Amino acid sequence: MSKKFASKPMSRRSFLRSAAVAGTVAASSGALAGIGVGKPKVAHAQDVTWAKEADVVVLGSGTGQMAAIRAAANGLSAIVLEKAPFAGGTTGISGGGIWVPNNYRMQELGIPDSREQAIEYMSHATFGQSTPELIEAYVDNVNLMVEFSRTLGIEWDILPYFQDYYPEFPGGVPEGRTLSPISTIEGASGGGALVRMLQAAGEELGVEYIFNTAAKRLVVNPDGEVIGVIAEQDGADFNVRALRGVVLATGGFDHNPEMVTHFLRGPIYYPSAVRGNTGDGHLMAMALGANLRNMNEIFGWPVFVDEEAGIGANALATELGKPGAIVVNTRGKRFFNEASAYDPATRSFYDYDNGTHTYENIPAYFIADAAYASRYTIAYRPPEDNPFVTKYDTLAELATALGIDGAALEETIARFNEYAAQGIDPDYHRGESAFDQLTGGDRTRTDIANPCLAPLTEGPYYTAKILPGSLGTCGGPQVNANAQVLNVWGEVIPNLYAVGNSSGNPMGGGYPGGGSTVGVGMTFGFIAANHMAEKA
Ligand SMILES: Cc1cc2nc3c(=O)[nH]c(=O)nc-3n(C[C@H](O)[C@H](O)[C@H](O)COP(=O)(O)OP(=O)(O)OC[C@H]3O[C@@H](n4cnc5c(N)ncnc54)[C@H](O)[C@@H]3O)c2cc1C
């Protein structure tokens with residue numbers, strides 16, 4: 001049975017403040033349509049009766065689970081509200097990797113790393129859109145978060161690939177910083193195992209998970225403090241009071257077409273995040289005047305597309321960068337290093353041609369020769385009888401069928417082949433970085449000069465369409481080193497925290513290494529919980 005709680009009356013000062021807030025949010029009401037048309041965008045304490053209360057209320061059960069679990073371990077009560085019928089979000093379908101510089105597994109194996117090196121690396125790999133404050137908060141807390149997870153029974157091991165994505169940047173380390181969770185759950189691995197291990201630990205500590213319940217609006221008291229949330233359950237309001245804070249952990253805005261159109265630098269296709277990630281947390285924070293960061297950015301990856309089935313599958317260096325294949329645009333030209341990490345690779349799709357007014361690399365086509373097809377997969381499947389793949393006997397047929405400039409394609413492949421035979425790629429430097437060699441290349445091949453490069457020599461040729469996609473948008477409410485949300489004047493919005501892809505991500509405009517997104521969401525959830533525990 002729900003418990004009801006009384007709330008304080010509204011003062012004249014707060015009434016005037018709320019009128020101002022209502023004015024500022026009117027302009028963005030279109031994007032708000034998904035979270036409650038016709039309702040006030042911020043609720044005020046006097047209008048609310050509470051169904052539940054806890055010290056900490058977390059909205060979203062992906063990486064946000066860590067905030068609730070750590071809060072419970074700190075002796076606070078915690079509730080997780082989740083829109084979906086089960087926990088996990090995109091974190092639950094992810095690889096579950098986390099990027100942890102100077103981690104305990106590296107120390108055990110004697111791989112050198114340091115706080116200073118990690119900070120230096122992040123300052124380059126966040127591409128100018130993070131801050132020293134956030135970078136230091138991450139580096140100083142991520143190992144504490146990992147140690148805490150180990151007390152919950154979650155152990156980690158070094159992932160054999162997808163390590164630092166720019167290992168040649170100052171402070172980069174080619175191998176060791178990306179950890180993968182060791183599953184203790186039969187039949188589950190990666191992110192699926194991680195979220196289930198977290199949920200089990202949370203429930204053990206008394207965290208209450210409430211599913212099929214979507215947060216809609218934040219509730220503020222007359223002093224402008226966030227004191228709870230209006231959620232919706234079975235079509236009715238379900239209001240939860242938060243005594244110490246609300247944590248926005250609702251993921252990105254990948255599935256809010258209006259936000260995608262108006263914030264991102266270009267289109268994204270077949271976004272891989274769970275469908276419930278419609279920017280709800282962003283909108284709730286914007287309604288309180290939150291400042292925004294990185295709204296132009298995505299954690300990007302290219303996707304192979306099966307248009308008939310309407311599905312995308314991530315197209316990563318582990319396939320694109322294997323010897324005997326290239327990616328070209330419809331002009332028959334290569335345009336990026338196919339063996340590089342997916343996030344920087346995705347940037348290359350947004351070259352705009354101001355003559356034809358098109359993105360010249362959308363769509364693109366992966367092309368592999370018969371030797372590739374005999375050894376490797378495409379979209380995680382064998383190339384034959386593969387819904388993502390079409391096969392042509394000759395390059396000329398392939399070009400005609402796909403609308404690619406055939407003469408240019410022949411030229412591109414001739415040039416690529418000439419250099420690939422020597423183990424070099426003067427155009428895009430494929431196979432030069434330690435990342436390419438570790439993740440994209442095939443180091444078992446002794447017949448080629450570079451594990452990422454082999455000429456495309458014999459048909460049939462296998463091709464798959466590729467478009468730029470996302471594994472999550474990464475912009476959102478600006479946070480400080482305590483994960484507290486800041487307003488447009490740089491002031492803390494009291495009791496409001498944001499983590500993961502519903503925050504202006506501390507990874508800024510980059511993706512330092514495998515596990516950067518799950519790692520940062522869990523770490524800032526850990527930080528937020530500690531901050532709430534320290535409050536009087
Ligand atoms: C196949 C795949 C593999 C990946 N592998 C990795 C990896 O190994 N390492 C890595 O770092 N990243 C990886 N990523 C990216 C990573 O999964 C996401 O960036 C990360 O999980 C985002 O975490 P989050 O907590 O911000 O969002 P999510 O995990 O998506 O959680 C958000 C949750 O909020 C819920 N929600 C939304 N709106 C509301 C609302 N109004 N009220 C209540 N709940 C709401 C959603 O239902 C969802 O459960 C991968 C992604 C994919 C698709």
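This is a predicted model: local features need pLDDT of at least 70, side-chain atom pairs count only at pLDDT 80 or more; totals for chains, interfaces and linings use all residues.
1. Residues are numbered from 1 along each chain as its sequence is written.

2. The protein chain is divided into domain 1 (43-297 + 474-483 + 498-536) and domain 2 (300-470), with bounds that come from an automatic or database domain assignment. Taken over C-alpha atoms, the centres of the two domains are separated by 33 Å. To the contact between them, domain 1 gives 18 residues and domain 2 gives 19 residues, where two residues are in contact if their C-beta atoms, placed from the backbone, lie within 7 Å. On the side of domain 1 that touches domain 2 there are 10 nonpolar, 3 polar and 5 charged residues; here Ala, Val, Leu, Ile, Met, Phe, Trp, Tyr, Cys and Pro count as nonpolar, Asp, Glu, Lys and Arg as charged, and the others, Gly among them, as polar.

3. Around the ligand there are 41 residues, of which Gly 60, Gly 62, Gly 89, Gly 95 and Gly 500 come nearest; a residue is near a molecule if its C-beta atom, placed from the backbone, lies within 6 Å of it. By class, this shell has 12 nonpolar, 26 polar and 3 charged residues. Strand E8 (213-220), strand E19 (461-473) and helix H15 each supply at least two residues of the shell, and the largest share, 5 residues, comes from H15. Helices (H or I, at least four residues) and strands (E, at least two) are DSSP runs, numbered from the N terminus.

4. Helix H6 (residues 190-204) has 15 residues and reaches 21 Å from its first C-alpha to its last, close to the 21 Å expected, which is 1.5 Å times one less than its number of residues. Its buried residues include Gly 191, Leu 194, Met 197 and Gln 199, and what covers the buried residues of H6 includes helix H2 (65-73), strand E6 (178-181), strand E7 (208-210) and helix H15 (516-534). After H6 comes Gly 206, whose phi is positive, near 100°.

5. Glu 232 is found in strand E9 (residues 226-233) and counts as partly exposed because it has 19 C-beta neighbours inside 10 Å; a residue is buried with 20 or more other C-beta atoms within 10 Å of its own, exposed with 12 or fewer, and partly exposed in between, with C-beta atoms placed from the backbone. Leaving aside neighbours within four places in sequence, Glu 232 is in contact with Ala 214, Lys 216, Asp 237 and Phe 238.
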